[in-house]
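User: Hi, I have a protein open on my screen and could use a guided look. Can we go through it step by step?

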Amino acid sequence: LAVMGHEVYAADFCTKMLDRLMTGAEEAGVADLIHPLLLDWNEDWSIRDLPRCDVAIASRCMTFENLTESLMKLESVAKRKVCVGVSDKPAKHYDRGAAKAIGYERPGYGSYVYVLGELIDRDIHPDLRFIEYTTNGTRSESKEFLKKEIRDSFLYGLTPYQEALLDSYLEENITKAIVKGKSVYRLAGSENAKTAHISWYV
């Protein structure tokens, strides 16, 4: 947006992320259009002198204590529209290929359904689209740690039979890869990701 000439207020709870943002902004020659804000979802935004922008965007950062309050916080700083990007998975390392292979019949609803439910309950009918993209995949430098993370992503638990099937599936589908110069273990097929893009007018 800044490259297109728009003024941007960028908020994050981590100073290192803001520092990285501004380093990139300076390299792109748009640092004068970007205003970094140290801000946490769980703090009281009403006591902060926050600007109201045409559009409030929150993507892949929806970690908060209260969903209702957080969505309303975004609305409080938006003049026209709110856009959020939310995972289509119920847990970070959940893999639908693995779930299908072991006969896991619990619904793999992404966390975006809770955002939709909250908005619809307030008589707001948002626009929903899915954005597909490629990532470095579900990975770890430790094969055993990666297997544990994937196993723990099945939030309703597994039967002993399903656990055995999952162990076999992971043995067959976890491979070694080089990511950002490091040797890691990665679950095959996990490079293909999807994010739910939800937007509504205020």
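**Helix α2 and beyond**

Analyst: Start at the N-terminal end of α2, which is capped by N66. A side-chain oxygen of N66 lies 3.1 Å from the backbone nitrogen of T68. Keep in mind that this is a predicted model.

User: Which residues of α2 are buried?

Analyst: Helix α2 covers residues 67-76. Its buried residues are S70, L71, K73, L74 and E75.

User: And what covers them?

Analyst: The cover includes three strands, β3 (53-59), β4 (78-87) and β9 (192-201). Helix α4 (112-121) is also part of the cover.

User: Let me zoom out. How many helices and strands does the chain have?

Analyst: The protein chain has six helices and nine strands. Its C-alpha atoms fill a box of roughly 55 × 45 × 25 Å, taken along the principal axes.

User: What share of the residues is buried?

Analyst: Of the 202 residues, 36% count as buried.

User: New topic. At what angle do α5 and α6 pack?

Analyst: The angle is about 135°. The axes of the two helices are 11 Å apart. Helix α5 spans residues 143-152, and helix α6 spans residues 160-173.

User: What do you call that arrangement?

Analyst: That angle makes α5 oblique to α6. The cut-off matters here, because only angles over 145 degrees count as roughly antiparallel. The crossing of α5 and α6 is right-handed.

User: Which residues meet there?

Analyst: From α5, the residues are K143, K147, I150 and R151. They meet L166, D167, L170 and E171 in α6. By class, this contact of α5 with α6 has three nonpolar, no polar and five charged residues.

User: Now S140. Where is it?

Analyst: S140 sits in strand β6, residues 139-140.

User: Is it buried or exposed, and why?

Analyst: S140 counts as buried because its relative accessibility is 13%, and the cut-off for buried is under 20%.

User: What does its side chain reach?

Analyst: The side chain of S140 reaches the backbone nitrogen of S142, at 3.1 Å. Leave out residues up to four places away in sequence, and S140 touches F145, L146, V184 and Y185.

User: What about L18, buried or exposed?

Analyst: L18 is buried, with a relative accessible area of 9%. It lies in helix α1, residues 15-28.

User: Which residues is L18 in contact with?

Analyst: Setting aside neighbours within four places in sequence, L18 is in contact with A10, A11, D12, P36, L37 and L38.

User: And how far apart are L18 and I47?

Analyst: In sequence, L18 and I47 are 29 residues apart. In space they are 21 Å apart, C-alpha to C-alpha.

User: Last topic, the loops. What is the phi of D123?

Analyst: Phi of D123 is near 65°. That is a positive value in a residue other than glycine. D123 is found in the loop between α4 and β5 (127-134). At 61% relative accessibility, D123 counts as exposed.

User: And what is the phi of K180?

Analyst: K180 has a positive phi of about 55°, although it is not a glycine. It lies in the loop between β7 (174-179) and β8 (182-187).

User: Is K180 buried or exposed?

Analyst: K180 is exposed, with a relative accessible area of 74%.

Terms used: Residues are numbered from 1 along each chain as its sequence is written. This is a predicted model: local features need pLDDT of at least 70, side-chain atom pairs count only at pLDDT 80 or more; totals for chains, interfaces and linings use all residues. Side-chain values use heavy atoms; hydrogens and water are left out. Axes are lines fitted to C-alpha atoms, for helices over the stretch in contact, and angles run from 0 to 180 degrees between N-to-C directions. Helices (H or I, at least four residues) and strands (E, at least two) are DSSP runs, numbered from the N terminus. Angles under 35 degrees count as roughly parallel, over 145 as roughly antiparallel, 65 to 115 as roughly perpendicular and the rest as oblique. A crossing is left-handed if the near helix is turned anticlockwise from the far one by less than a right angle, and right-handed if clockwise. Contact means heavy atoms within 4.5 Å. Ala, Val, Leu, Ile, Met, Phe, Trp, Tyr, Cys and Pro count as nonpolar, Asp, Glu, Lys and Arg as charged, and the others, Gly among them, as polar. Buried means under 20% relative accessible area, exposed over 50%, partly exposed in between (1.4 Å probe, protein chains only). A polar contact is a pair of N or O atoms within 3.5 Å; within protein, one must be able to donate a hydrogen and the other to accept it, and residues adjacent in sequence count only if both atoms are side-chain atoms.
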